[in-house]
Amino acid sequence: MEEKEQPSGGLHFVGKKDELIKAQRSFRTLEGRDILIIYHEGVFYAIDCYCYHAGGMLQNGDIEDINGKLCIICPKHKYKITLAEGEGLYRARNPMENPPILRWYSKGVKQRVHTVTETNGEVFVKLTTTPFWIDSDYYQGEKGKVERANA
Ligand code: FES
């Protein structure tokens with residue numbers, strides 16, 4: 001789809017609300033970055049489309065509530081990523097506990113997420129400008145693209 005950019009504010013038009021709802025998941029390239037726009041249970045999310053672990057395409061990942069957070073499950077190796085924050089979640093036992101109980105833990109933000117807004121039936125995405133490295137950045141770069149192509 002042709003990108004219609006707003007003159008200011010870094011907002012990118014990504015589609016009509018109705019169309020994005022119908023599609024549920026839509027792939028877009030904004031400023032050279034490949035992202036996924038997801039509509040789930042009345043909310044839009046925008047997230048880097050290649051998994052931070054090994055570049056798996058998240059587009060067909062299932063969405064599940066894990067520990068009270070909606071997560072997309074990467075189809076490749078089943079990593080769990082929260083849709084709202086891009087946190088990597090994992091389950092483990094703390095050996096210091098007696099008995100050790102399986103719990104969900106966070107690895108912190110691993111997948112870059114972006115801001116979605118809607119105005120008069122049109123949906124816009126603003127890419128995050130967080131200055132520090134987030135693991136999913138790797139698969140948006142040249143090296144990561146080569147690695148994905150050879151996987
Ligand atoms: Fe996503 Fe490995 S590439 S879990």
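Student: Is Tyr52 buried or exposed?

Tutor: Look at relative accessible area. Buried means under 20%. In this predicted model, Tyr52 has a relative accessible area of 8%, so Tyr52 is buried.

Student: Which ring pairs with Tyr52, and how are the two planes set?

Tutor: Ring pairs are read from centres and planes. Planes under 30 degrees apart count as stacked, over 60 as edge-to-face and the rest as tilted. The rings of Tyr52 and Tyr79 have centres 5.7 Å apart and planes at 55 degrees, so this pair is tilted. Tyr52 sits in the loop between strands E5 and E6, and Tyr79 in the loop between strands E7 and E8. They are 27 residues apart. Tyr79 is partly exposed, at 27% relative accessibility.

Student: How many aromatic pairs are there in the structure?

Tutor: Five. Take Phe13 and Phe124. Their planes meet at 65 degrees and their centres are 5.9 Å apart, so the pair is edge-to-face. Phe13 belongs to strand E2 and Phe124 to strand E12, 111 residues apart. Both count as buried: Phe13 has a relative accessible area of 9%, and Phe124 has 6%.

Student: What pattern does the chain follow along the sequence?

Tutor: Read the elements in order. The pattern is β-β-α-β-β-β-β-β-β-β-β-β-β-α. That makes two helices and twelve strands.

Student: What is the radius of gyration of the chain?

Tutor: Compare it with a rule for globules. A compact globule of 151 residues would have a radius of gyration near 15 Å; the chain has 16 Å, which agrees. Buried residues make up 40% of the chain.

How values were computed. Residues numbered from 1 in each chain as written. Predicted model: local features only at pLDDT ≥ 70, side-chain atom pairs only at ≥ 80, totals over all residues. Heavy atoms only, no water. Helix = DSSP H or I, 4+ residues; strand = E, 2+ residues; numbered from the N terminus. Rg over C-alpha atoms; globule rule 2.2 N^0.38 Å. Buried < 20%, exposed > 50% of the residue type's maximum accessible area, 1.4 Å probe, protein only. Phe/Tyr/Trp six-rings, centres within 6.5 Å; stacked < 30°, edge-to-face > 60°.
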